[in-house]
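Open the model in a viewer and keep the selection panel at hand. The stops below say what to select next and what is there.

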Amino acid sequence: MLSSVALVRKPGPDFIDALSGHPQKTRIDFKLALEQHSSYVRALQQAGARVVTLEPLQGFPDSVFIEDTAVIFGDKALLCSMKAESRRGEVESVAGEVGNHRKIIDLQPPVTLDGGDVLMTDDAVYVGQSTRTNKEAVQALADHSEKPCTPVPVLRGLHLKSAVSFLGNGILVIDPTSVETSSFKKFEWIKVDESERYAANCLTLGDFVLLPAGFSRVADKIRSHGFQVIELEMSEFEKADGGVTCLSLIIRE
Ligand code: CIR
């Protein structure tokens, strides 16, 4: 059984003001978001993670998307230098808990980096070049990584991991229309089509994959590779441009 700590933060009432380019961003149902978040926590537990829940962080509507605040590399936690001004205060607020598990390293401007742009595989790290993460971030990550760090242009969507997820065993779930794919040729692809784009972001914990509900073709393909799929209602987080990975910071033990 996998042994990981999953750090999550409950959404607060101001979650309805989260940054978003989604057409339904003004229709976030806070109560439903809380229910969906609770189901997410149960799914992490089912997958064997020890969940540590941080209280809502008032004044930071996006703080539920805790993945973006830090990147875990071996025994280090790199605290992100976030580009979105409204999100910068989130980083300090996770440092305490993360510092219980890893040695903290603060990344500073001119680096801009969101954790959602860092895709870790067995032998390389891919760094999305998005509206949030710059080329200075690639060098800063490389300075602390034992694996090569490769920049990957993000063509559409918020982050690299909005469009690519690593399942393990050399397999990616990928929306090839949203990222430059030349760096990913050596992987086996579970390709998602336009109508399934949101399912390209999924979270692998051991043999389990947490996947948004409603994408049965992607779910079946993932199952056919031997994983157990846990499907999650994510509508309220999708309206805030967030996916399954964004809601936790996984610290593998
Ligand atoms: C933002 O725009 O920063 C949030 N509304 C969504 C962040 C999603 N995070 C992620 O994909 N890792």
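**Stop 1**

Start with Arg197, in the loop between β11 and β12; helices (H or I, at least four residues) and strands (E, at least two) are DSSP runs, numbered from the N terminus. This is a predicted model, in which local features need pLDDT of at least 70 and side-chain atom pairs count only at pLDDT 80 or more, while totals for chains, interfaces and linings use all residues. Residues are numbered from 1 along each chain as its sequence is written, and side-chain values use heavy atoms, with hydrogens and water left out.

Arg197 is partly exposed, with a relative accessible area of 26%. Here buried means under 20% relative accessible area, exposed means over 50%, and partly exposed is in between (1.4 Å probe, protein chains only).

Asp175 is buried, at 2% relative accessibility. The side chains of Asp175 and Arg197 make a polar contact at 3.3 Å. A polar contact is a pair of N or O atoms within 3.5 Å; within protein, one must be able to donate a hydrogen and the other to accept it, and residues adjacent in sequence count only if both atoms are side-chain atoms.

Now select Arg87 as well: Arg197 and Arg87 are 25 Å apart, C-alpha to C-alpha, and 110 residues apart in sequence.

**Stop 2: the ligand**

Select the ligand and the residues around it. There are 14 of them, and Leu19, Asp62, Asp68, Arg87 and Cys246 come nearest; a residue is near a molecule if one of its heavy atoms lies within 4 Å of it. The shell divides into five nonpolar, three polar and six charged residues. In that division Ala, Val, Leu, Ile, Met, Phe, Trp, Tyr, Cys and Pro count as nonpolar, Asp, Glu, Lys and Arg as charged, and the others, Gly among them, as polar.

- Leu19: a polar backbone atom is 2.7 Å from a nitrogen atom of the ligand.
- Arg132: a polar side-chain atom is 2.8 Å from an oxygen atom of the ligand.
- Ala240: a backbone N or O atom is 2.8 Å from a nitrogen atom of the ligand.

Taken alone the ligand exposes 340 Å², and the protein buries 98% of that; accessible areas come from the Shrake-Rupley method with a 1.4 Å probe, and for residues only the protein chains shown count as cover.

**Stop 3: aromatic pairs**

Next, show the aromatic side chains. A search of the whole structure finds eight aromatic pairs. Rings of Phe, Tyr and Trp (its six-membered ring) pair if their centres lie within 6.5 Å; planes under 30 degrees apart count as stacked, over 60 as edge-to-face and the rest as tilted.

Select Phe65 and Phe237. Their ring centres are 6.4 Å apart and their planes are at 85 degrees, so the pair is edge-to-face. The pair links distant parts of the chain, 172 residues apart: Phe65 is in the loop between β2 (49–54) and β3 (70–73), and Phe237 is in helix α5 (residues 235–238). Phe65 is buried at 3% relative accessible area, and Phe237 is buried at 0%.

Move to Tyr126 and Phe187. With ring centres 6.0 Å apart and planes at 75 degrees, this pair is edge-to-face. Tyr126 is in strand β7 (residues 125–129) and Phe187 is in the loop between β10 (171–174) and β11 (188–191), 61 residues apart. Tyr126 is buried at 4% relative accessible area, and Phe187 is buried at 11%.

**Stop 4: the largest nonpolar core**

Which residues have the most contacts inside the largest nonpolar core? Select Phe15, Tyr40, Leu44, Leu167, Leu210 and Ile222; the core has 45 residues. A nonpolar core is a set of buried Ala, Val, Leu, Ile, Met, Phe, Trp, Tyr and Cys residues joined through side-chain atoms within 4.5 Å. Elements that give two or more residues to this core include β1 (4–9), α1 (30–46) and α4 (216–224). The largest share, five residues, comes from α1.

**Stop 5: backbone geometry**

Select Pro109 and Pro110, which are joined by a cis peptide bond with omega about 15 degrees. Pro110 is in the loop between β5 (103–106) and β6 (118–120).

Asn169, in the loop between β9 (164–168) and β10, has a positive phi near 50 degrees and is not a glycine. Asn169 is exposed, at 64% relative accessibility.

End at Asp241, in the loop between α5 and β15 (249–252). Asp241 has a positive phi of about 65 degrees although it is not a glycine, and is partly exposed at 33% relative accessible area.
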